[in-house]
Amino acid sequence: ARVRVKKINGEILSVKRIYEKNPNSIKNFGVWLRYDSRTGSHNMYKEFRDLTIDGAVSQLYTDMAARHRTKKSSIQIIKVKTVKAGDTVRPAIKQFHSSKIAFPHPHTLPRDYQKRSTTLLYKANLT
């Protein structure tokens, strides 16, 4: 059973940073949160793609400030979890799961064929 402790009776014993096992591969993160707005408090679920949990949470704070004008102090993160590609819900995240994804190059310049790649040779000073 889960025991609830009020803020006034609780005490923070330690704060430890959780490091990512593999920070070199991109993952989908689901974030459950509660935030206070001008009209009341709301529960919410959001998804982000990032390398680490820290990056996903910083994306969350930026997104909430932009879309809902909430401050960092009014957001309570309930849970952050890695989500499999098949379990994602949001279309903004699902669009990156295709294996045939391609990004356009909007400003490609033709290569200057007059410039030739030159190699520089250095002679060692043997004295």
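Is aspartate 54 exposed, partly exposed or buried? I looked this up in the predicted model and found aspartate 54 partly exposed, at 38% relative accessibility.

**Entry 1: overall layout.** I listed the elements of the protein chain and found two helices and three strands. I read their order from the N terminus as β-β-α-β-α. I then noted the chain's 127 residues, of which 20% count as buried.

**Entry 2: arginine 17 and aspartate 54.** I counted three salt bridges. In one of them, I found the side chains of arginine 17 and aspartate 54 meeting at 2.7 Å, N to O. I placed arginine 17 in the segment before strand 1 (27-36) and aspartate 54 in helix 1 (residues 53-68), 37 residues apart. I noted arginine 17 as exposed, at 56% relative accessibility.

**Entry 3: aspartate 63 and its partners.** I found a salt bridge between the side chains of lysine 46 and aspartate 63, at 2.8 Å, N to O. This pair links distant parts of the chain, as lysine 46 lies in strand 2 (residues 41-50) and aspartate 63 in helix 1, 17 residues apart. I recorded lysine 46 as buried, at 13% relative accessibility, and aspartate 63 as buried, at 14%.

I also found aspartate 63 in a salt bridge with arginine 67, with the closest N and O atoms 2.6 Å apart. Both residues lie in helix 1, four residues apart, about one turn of the helix. I noted arginine 67 as exposed, with a relative accessible area of 61%. Through shared partners, I saw Lys46, Asp63 and Arg67 joined into one network of salt bridges.

Conventions. Residues numbered from 1 in each chain as written. Predicted model: local features only at pLDDT ≥ 70, side-chain atom pairs only at ≥ 80, totals over all residues. Heavy atoms only, no water. Buried < 20%, exposed > 50% of the residue type's maximum accessible area, 1.4 Å probe, protein only. Salt bridge = Lys/Arg side-chain N within 4 Å of Asp/Glu carboxyl O.
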